[in-house]
Amino acid sequence: MSMSGTTIAAIATAIVPAQGSVGIVRLSGAEAVAIARTLFHAPGQQAWESHRILYGYVRHPATQDVVDEALLLLMLAPRSYTREDVVEFHCHGGIMPVQQVLQLCLEQGARLAQPGEFTLRAFLNGRLDLTQAESITDLVGARSPQAVQTALAGLQGKLAQPIRKLRAQCLDLLAEVEARIDFEEDLPPLDEVAIKAQVDHLLLDMTHLLATSDRGELLRTGLKVAIVGRPNVGKSSLLNAWSQSDRAIVTDLPGTTRDVVESQLVVGGIPIQVLDTAGIRDTEDTVEKIGVERSRLAAQSADLVLLTIDAQAGWTDADQAIYEQVSDRPLILILNKIDLVHPSTRHPTPSTLHPTIQTAAALNQGIDALEAAILETVQTGTLQAANLDIAINQRQAAALTRAKAALEQVQETIADQLPLDFWTIDLRSAIQALGEILGEDVTESVLDRIFSRFCIGK
């Protein structure tokens, strides 16, 4: 994905028929303003100046037919998102107006932008580093307030800041070692103890940053939770109470949920995708068999399983069979319909290996306890960095892991009393890996991989 210097164009808003009130067509490049002047008629004495909004009409350049009544926003280089001339046509929403305006821009010589190409140009033109560019796609895709805050922190450079600091410290170490190689006679001997202490400190900082990776993944992708159990134990009622909606049909007939029903929730700042699955049982109904099989697959792909049990029936052989299918997953047991059982006749907890929550889904009882148990499960797992305002992604974590391994090799080199040339090799490797996080000396294939995940128009 290379920047060819051509002017690119794309629709920069979601296009939904009879829904969107505004649709934006965005152009960036040397011909953006010329294309706008060809297509846009601004009546009166409106000034075509940077960061001005013009009112007028988009006209077909050949027929002068009006295509849309619109606003035109001018942002001239370098004061724009891409540091190139940027023009936006703010059209009426829907499908046809923006499509027609985009088509006219393409006919005037613009090229359809590739996914993320506007942000790629901002990166290549030095307006953003790569961590900030990646934070933009995190911000667009954020599904919780905490994910928004983490993305904004990255966009403001709070993630790049510690990486730059680590890289600068590695560069200082490299300069000190290389000075001893080049001017050995003129300088005092290298203070190996001090350098080893600096490397230890750098490794500690890197370890703390790497610890944010799991939290970052959780905020970006969310937690997939599957509600499983026998038919008619109250799985759908539990989902309805939890999501406070009627996403799933609730009846007293076993086998009603014949597919996987999804709800999107936010618990403790973490986006959660809840899968309400068909009751797992042996059945001859062909359609229900498909639903039951999908339930098993959903449970196996989930990050957390909520095994729901009917408190009236207690722990049955069928529950045990389901438990054996999902016991390898992180699990919370839910004893539902507890309101229908007298305390003196309640069945004992079926397992002490997993947290057990008592609920009365039909009465909206036990939901707070369930959410607390989910957050507790998350916190006692690998996700210990919930109080940090930054979070690295998988690409950044991989590069940081390489930098950490290189510095650990420096430690070994010092311990083995190897020549200083060996020190510089590993220090350079660490500096290279840290630079990749920021986008320095990064390959075109890496850029392709990053920006292809963006939406078109961003």
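Reader: What is the order of the seven strands in the open sheet?

Author: The order is E3-E4-E5-E6-E2-E1-E7, with mixed pairing. A strand here is a DSSP run of E of at least two residues, and a helix a run of H or I of at least four, numbered from the N terminus. This is a predicted model, in which local features need pLDDT of at least 70, side-chain atom pairs count only at pLDDT 80 or more, and totals for chains, interfaces and linings use all residues. Residues are numbered from 1 along each chain as its sequence is written, and side-chain values use heavy atoms, leaving out hydrogens and water.

Reader: What makes E3 and E7 edge strands?

Author: Strand E3 (40-41) and strand E7 (111-112) each have a single partner strand, so one side of each lacks a neighbour in the sheet.

Reader: Why is helix H3 called mostly covered?

Author: Buried means under 20% relative accessible area, exposed over 50%, and partly exposed in between (1.4 Å probe, protein chains only). Seven of the eight residues of H3 are buried, including Phe118 and Leu120. Their cover includes E1, E2, E7 and helix H4 (130-140), where contact means heavy atoms within 4.5 Å.

Reader: Why is Ser236 called buried?

Author: Its relative accessible area is 10%, which is under 20%, so Ser236 is buried. Ser236 lies in helix H9 (residues 235-243).

Methods
Pairing = 2+ DSSP bridges.
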